[in-house]
Amino acid sequence: MKWEGNRQSDNVEDRRSGGGSSGGGGLGGRSIGIGSIAIALVASYFFGINPMTVLSLLSGGSPAPQTQSAPAQRPPADDRMASFVSTVLADTEDVWKDVFAQSGRTYDNPKLVLFRGTTSTACGAGQAAMGPFYCPADRTVYIDLDFYETLQNRLGAPGDFAQAYVIAHEVGHHVQNLLGISAKMDDMRGRVSQVEYNALSVRLELQADCFAGVWANHAQASRQLLEAGDVAEAMNAAAKIGDDALQRAGAGQVVPDSFTHGTSAQRQRWFENGLTNGNLKRCDTFSARQL
């Protein structure tokens, strides 16, 4: 992926040293993560607990007020991985600003927080074990960069474009938040059964995959970011974090009713759909008869 030398976002905060601003301690809007790696592997796939049930313990109620404990810290200029993340986030900002403008909307950039271990968010305590996640209540993407080691070494999905796909997926949740899709999803909580809610969650996650593909389509058209093998990296990452693949790896069996993110084939299909078409309207997973 051709990323070096491109613009870096000013919306990245580095909390890895323990400094910077933090959210209140209360629990707010539901956090949305790409794979919920440790929770999915331990709680869901070893003990049969739905990961959304676990994550919901970190959400609900009103968004917590944000408090400023110290000035937000920028990542060090010589931190290559932080520079990569900042560059990818900047590219998503440029793409979604243009996409929203084409339909007469204004795109509000999300923030991205780098942290280690745990951090406070408006959705409750963010933990590295959840994998990268997006908190709608504070419009922020959170990522512990050690996740990329997990992605490469434990899940078998190496490559810089696989890492970019992870960020683009979480930004996809921000797009859903701005479009009001996330709010409609939360309105369904408690109105439908857990199995039905899981099915809606799958559609939400697959749409975020499609939105990630839309970003890649526009980024390639405008800046020719992709190199040979990049798309294969993203497709491999989508496959490795499919619910069926994670369940099979964790517990040796697949329980479709517990799926919350979609199968490997579905995640690949919807990312490719966005990548091929570059059109938000083609990402309507909620109306699709077949995922």
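Predicted model: local features only at pLDDT ≥ 70, side-chain atom pairs only at ≥ 80, totals over all residues.
User: Is Leu155 buried or exposed?

Analyst: A residue counts as buried when its relative accessible area is under 20%. Leu155 has a relative accessible area of 12%, so Leu155 is buried.

User: How far apart in space are the C-alpha atoms of Leu155 and Ala249?

Analyst: Along the sequence, Leu155 and Ala249 are 94 residues apart. In space, the distance from C-alpha to C-alpha is 9.3 Å.

User: Which helices does the aromatic pair of Trp96 and Phe211 link?

Analyst: The structure holds nine aromatic pairs, and among them is the one formed by Trp96 and Phe211, whose ring centres are 5.8 Å apart with 70° between the planes, an edge-to-face arrangement. Both of these residues are buried. They are 115 residues apart and thus link distant parts of the chain, Trp96 being in residues 80-102 and Phe211 in residues 194-223, which are helices H3 and H7.

User: Is the ring pair of Phe147 and Tyr148 stacked, edge-to-face or tilted?

Analyst: Phe147 is buried, with a relative accessible area of 6%, and Tyr148 is buried too, at 4%. Their ring centres lie 6.1 Å apart. Planes under 30 degrees apart would count as stacked and planes over 60 as edge-to-face; the planes of Phe147 and Tyr148 stand at 55°, so the pair is tilted.

User: How many residues apart in sequence are the parts tied together by the disulfide of Cys123 and Cys135?

Analyst: The sulfur atoms of Cys123 and Cys135 are 2.1 Å apart, and the torsion about their S-S bond is about 90°, so this disulfide is right-handed. Cys123 lies in the loop between strand E6 (118-121) and strand E7 (124-127), while Cys135 lies in strand E8 (residues 133-135), so the parts tied together are separated in sequence by 12 residues.

User: Is the disulfide of Cys210 and Cys283 left-handed or right-handed, and how many residues apart are the parts that it ties together?

Analyst: The two sulfur atoms of Cys210 and Cys283 are 2.0 Å apart, and with -70° about the S-S bond the link is left-handed. Cys210 lies in helix H7 and Cys283 in the segment after helix H10 (264-277), so the separation in sequence is 73 residues. Both cysteines are buried, Cys210 at 0% and Cys283 at 0%. In short, the disulfide is left-handed and spans 73 residues.

User: Which side chain of opposite charge is nearest to Asp230, and how far away is it?

Analyst: Asp230 is found in helix H8 (residues 230-240), and its side chain reaches the backbone nitrogen of Glu227 at 2.7 Å. Asp230 is buried yet has no salt bridge, a contact that would need a side-chain nitrogen of Lys or Arg within 4 Å of a carboxyl oxygen. The nearest side chain of opposite charge is that of Lys2, at a distance of 8.3 Å.

Methods. Residues numbered from 1 in each chain as written. Heavy atoms only, no water. Phe/Tyr/Trp six-rings, centres within 6.5 Å; stacked < 30°, edge-to-face > 60°. Helix = DSSP H or I, 4+ residues; strand = E, 2+ residues; numbered from the N terminus. Buried < 20%, exposed > 50% of the residue type's maximum accessible area, 1.4 Å probe, protein only. Disulfide = S-S within 2.5 Å. Lys, Arg positive; Asp, Glu negative; His and termini not counted. Polar contact = N/O pair within 3.5 Å; in protein donor to acceptor, adjacent residues only side chain to side chain.
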